[in-house]
Amino acid sequence: MLSGAALSRFRKNLMGWFAEYQRDLPWRRTRDPYRVWLSEIMLQQTRVAAAIPYYERFLERFPGVEALARAPQEEVLRLWAGLGYYSRARNLAEAAQEIVAKHNGVFPSEPADALALPGIGAYTAAAILSIVYQKKLAVLDGNVARVIARLYAVRGDLRANGTWQKLQATAGHLLAGRSPGDWNQAMMELGATLCTPRSPQCLLCPVSEFCEARKQGLTDLIPVKRSKRSTVELTLASLVLLDPRGQTLLLAPPAPARKSAAANDVHTLVSRMWHFPSVAVLQGQAAEALRKFAEESLFRGRGFRLEFFALKKVRHAVTFRAITIFPFRARVAKLPRVSASKAFPLADLSTVAVSNLTRKVARAALALN
Ligand code: SF4
């Protein structure tokens with residue numbers, strides 16, 4: 001464990017490098033709790049470049065926590081559409097309401113209060129509270145864990161029982177007490193830009209003299225690759241109905257209380273957002289199964305005689321699921337009246353909260369024109 005003069009030099013080197021080379025990111029120009037919180041949530045599972053336009057659009061529409069708390073969840077999801085992992089947006093909206101109701105509209109500064117909010121775990125709480133309130137809490141995410149594992153040549157699965165806790169303790173030991181927020185960001189920046197999973201740029205690294213993995217020639221072997229959860233292949237058939245005005249029918253997301261944990265549940269696959277009428281099918285039976293579904297659930301036997309045009313197959317991946325969608329387009333004189341459904345212009349779904357999967361199906365349908 002680094003200590004004394006070596007620890008001081010380590011901190012000085014890293015902070016000096018961060019001060020000079022940190023990327024200019026919109027959320028780094030502020031210590032406003034709401035903005036820092038929003039950025040931390042958006043950056044979970046999302047690349048910086050992808051998050052920036054969403055962050056800016058979100059702030060334009062919801063400049064503060066009160067505006068977010070007042071907004072219907074549907075509107076929050078619409079602005080989040082395309083960013084993925086939609087539970088983040090749902091939790092954000094709920095947490096905003098709690099912050100207004102219980103914390104006078106300000107993100108709480110105490111760890112226990114922060115952790116009680118929807119969508120806030122240990123990492124996110126440490127990041128927000130250290131940056132905004134200078135709390136001495138060390139962050140440990142994948143980037144920081146990789147840096148520490150290499151510095152100390154930690155072998156084995158970093159997420160294994162006990163190892164993650166030791167990494168957390170080491171992160172706490174290294175934490176520079178005077179500016180914990182900057183320190184945490186510096187560690188994350190090092191992992192994101194130089195100490196990358198593949199081909200770390202050790203020649204540019206400000207702390208290379210302290211790195212055991214580098215000394216032992218192990219940088220490509222640490223951390224060990226985790227065995228990936230095997231991919232589950234799923235197949236859906238989706239129906240794009242089109243009336244003479246270019247309107248299509250989308251079905252509403254299920255009510256929040258509905259639990260739909262099954263891996264092949266259609267609502268799970270469309271991220272519990274507005275979606276085309278869809279059904280899980282077996283390969284080779286898409287048209288037949290969709291026709292039966294449409295007849296029973298949408299048209300209920302009323303003169304059902306639609307001609308289905310097969311559209312280009314769509315592929316979509318969500319975490320461990322690889323989804324193949326067989327979309328079909330059918331022209332109708334009038335869209336059916338179905339509860340929990342609404343007509344939208346197929347060419348512009350920007351007014352409704354839809355997932356990327358639904359956008360891809362819409363694009364496939366438009367490509368037929
Ligand atoms: S020397 Fe290389 S492996 Fe070690 S911390 Fe720096 S970038 Fe990472």
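Leaving aside neighbours within four places in sequence, which residues is F58 in contact with? F58 is in contact with Y34, L38, M42, L68, V76, L79, W80 and L92, where contact means heavy atoms within 4.5 Å. This is a predicted model, in which local features need pLDDT of at least 70 and side-chain atom pairs count only at pLDDT 80 or more, while totals for chains, interfaces and linings use all residues. Residues are numbered from 1 along each chain as its sequence is written, and side-chain values use heavy atoms, with hydrogens and water left out.

**Overall build**

- The protein chain has 15 helices and 7 strands, these being DSSP runs numbered from the N terminus (helices H or I with at least four residues, strands E with at least two).
- Taken along the principal axes, the C-alpha atoms of the protein chain fill a box of roughly 85 × 50 × 35 Å.
- Of the 369 residues in the protein chain, 51% are buried, a class that means under 20% relative accessible area, whereas exposed means over 50% and partly exposed lies in between (1.4 Å probe, protein chains only).
- When contacts between residues at least 6 apart in sequence are considered, 67% of them join residues at least 24 apart.

**Nonpolar cores**

- The largest nonpolar core has 43 residues, and W37 and F58 are those with the most contacts inside it; such a core is a set of buried Ala, Val, Leu, Ile, Met, Phe, Trp, Tyr and Cys residues joined through side-chain atoms within 4.5 Å.
- Two or more residues are given to this core by each of α2 (33-43), α3 (48-61), α4 (65-70), α5 (73-80), α6 (87-102) and α8 (122-133).
- A second, separate core has 40 residues, including L2, L7, A153 and V207.

**Ligand site**

- R150, C195, C202, C205, S208, C211, R214 and T219 surround the ligand, each having a heavy atom within 4 Å of it.
- By class, this shell consists of 4 nonpolar, 2 polar and 2 charged residues.
- T219, in the loop between α12 (212-215) and β1 (232-242), is buried with a relative accessible area of 15%.
- Apart from residues up to four places away in sequence, T219 touches R150, P200, C202, A213 and R214.

**Backbone features in loops**

- A cis peptide bond with omega of about -5° joins I222 and P223, and P223 is found in the loop between α12 and β1.
- S271, which is not a glycine, has a positive phi of about 60°; S271 lies in the loop between α13 (266-269) and β3 (278-280) and is buried, with a relative accessible area of 18%.
- R272, likewise not a glycine, has a positive phi of about 50°; R272 lies in the loop between α13 and β3 and counts as partly exposed at 23% relative accessibility.

**Two helix positions**

- K12 is found in helix α1 (residues 4-21) and counts as exposed at 66% relative accessibility; the C-alpha atoms of K12 and P206 are separated by 9.4 Å, although these residues are 194 residues apart along the chain.
- A287 is in helix α14 (residues 286-299) and is partly exposed, with a relative accessible area of 33%.
- Not counting residues up to four places away in sequence, A287 touches F308 and F328, while the C-alpha atoms of A287 and F326, 39 residues apart along the chain, are separated by 8.2 Å.

Definitions and conventions: Ala, Val, Leu, Ile, Met, Phe, Trp, Tyr, Cys and Pro count as nonpolar, Asp, Glu, Lys and Arg as charged, and the others, Gly among them, as polar.
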